[in-house]
Amino acid sequence: MLARIPRWANENVLVGFDTADDAGVYKLSPELALVQTVDFFTPIVDDPRTFGAIAATNSLSDVYAMGGKPMSALSVLAWPAKGDIDDLAEILKGGAEKMHEADCVILGGHSVADNEIKFGYAVTGTVHPDHVKANSHARAGDALVFTKQIGTGIISTALKRGIARDPDVEAATKSMLTLNRAACEAMLEFEVHGCTDVTGFGLLGHAREMANASKVSIEIDPRAVRYLPGAIDYARQGAIPGGLKNNREFISSCVEGSSEFDDLLYDPQTAGGLLISLPERDAAQLERKFPAAYRIGRVTVAQGKPIHLL
C-alpha cells in the first residue's frame, strides 16, 4: 500500500519509509538530526500501570534502534467514554514513569473516545547524521547479535487463555519493561553496520526487512536464540496469537528451512531486543561488554531467499 503513496525527494530525509526502517530520520544540520517514531497498541497485561510502562518502553525502542537518544514524546490514547478513570490514570502514570527513566519528557498528546483501549506515544529523539544505525547497512561477513529473549506474544496469549504460569508472565513482563537504552549505549561503542528492533513482525520479519534493505541474506540458528521461560511449552499447547499467524503467512515464503522453534521465530514481540549486524571481532567484544547480547547467526551475500534457518 505504501508503494502507492506519492513521495517527493528531500535531501534532509536520511531515513524514510522506503526501507521499512524503525523510525524516520531528518537532518537539521551537519551535526544534528531528528529521529521520529510512533507506536501504540491494545493492553497485553492485566495491570494498567504495567501496560502504560510497557507501551512507553515499546515506543522508545525505535529511537534506540536508530542509535538515537529520546528527547520528547506525545501520548496517543483511545479510551472508552465510560471507562474507569482510575485505570486510565494508572496507565498514564506507568507511561510517565518509564519516560522519566529514559530522560524523555512528555509534552502533551491526543485522545479519542473508542470502545477498544489503545495507548502509546509518538517519540522524537536526536542523533548525529553520520551515526544513524539504519537497517539497510548490514554487510556480508557480519555477525548477527540479539539482545533479548523471544516469546512475549505467545506468553501474552497464554495469559489471556489462563494457562500461563506466574513466573513465566513475570519474566516476560520484565523483558517488556526493560529499555533498550543500555543495549543502544553498548552497541554505539563498536562498529555497528545495521540495527533494528524486533517487535510486531517477529524475529524473522524484522530480519527479512534488514536483509532486503541491505541487499544481503541472513542466516539464523534457531537453537542459538534464547526463548523466554514457558514460551516453547505454550506454543506447543496452541497459544498462538493472531499476529504470529499473519507473520507466518506474510514472511514464510522468504524463509529457507524450518525448525521446531518456528512459532517463536514468527512470534510478534512487544518491546523486543535489538538485532545488530557488526563485524565478528566487535560482536565478541559487545557480548563481553553487554552480557545480554548473544550471537544468533550471520550475514551473507544475497543467496536466493533473504532468510536461511540453519
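Ala, Val, Leu, Ile, Met, Phe, Trp, Tyr, Cys and Pro count as nonpolar here, Asp, Glu, Lys and Arg as charged, and the others, Gly among them, as polar. The model in these views is predicted.

**View 1. Here's the largest pocket, at about 610 Å³.** A set of 28 residues lines the largest pocket, and Asp-39, Thr-199, Gly-200, Phe-201 and Gln-269 sit closest to its centre.

**View 2. Strand S3 (32–41) and helices H1 (48–65), H3 (152–160) and H6 (202–214) each give two or more residues to the lining of the largest pocket.** Look to H3 for the biggest contribution to that lining: five residues.

**View 3. Next up is the second largest pocket, with a volume of about 310 Å³.** Its lining is made of 16 residues, and those nearest the centre are Thr-147, Lys-148, Gln-149, Ser-175 and Thr-178.

**View 4. Helices H4 (166–176) and H5 (181–187) are the elements that give two or more residues to the lining of the second largest pocket.** H4 supplies the largest share of this lining, with three residues.

**View 5. The lining of the second largest pocket, sorted by class, has eight nonpolar residues.** Alongside the nonpolar residues, there are five polar and three charged ones in the lining of the second largest pocket.

Technical notes: Residues numbered from 1 in each chain as written. Predicted model: local features only at pLDDT ≥ 70, side-chain atom pairs only at ≥ 80, totals over all residues. Heavy atoms only, no water. 1 Å grid on protein atoms, 1.4 Å probe; cavity = no way out; pocket = protein on both sides within 12 Å on 5 of 7 lines; lining within 4 Å. Points joined across faces, edges and corners; volume = space filled by probe spheres on them. Helix = DSSP H or I, 4+ residues; strand = E, 2+ residues; numbered from the N terminus.
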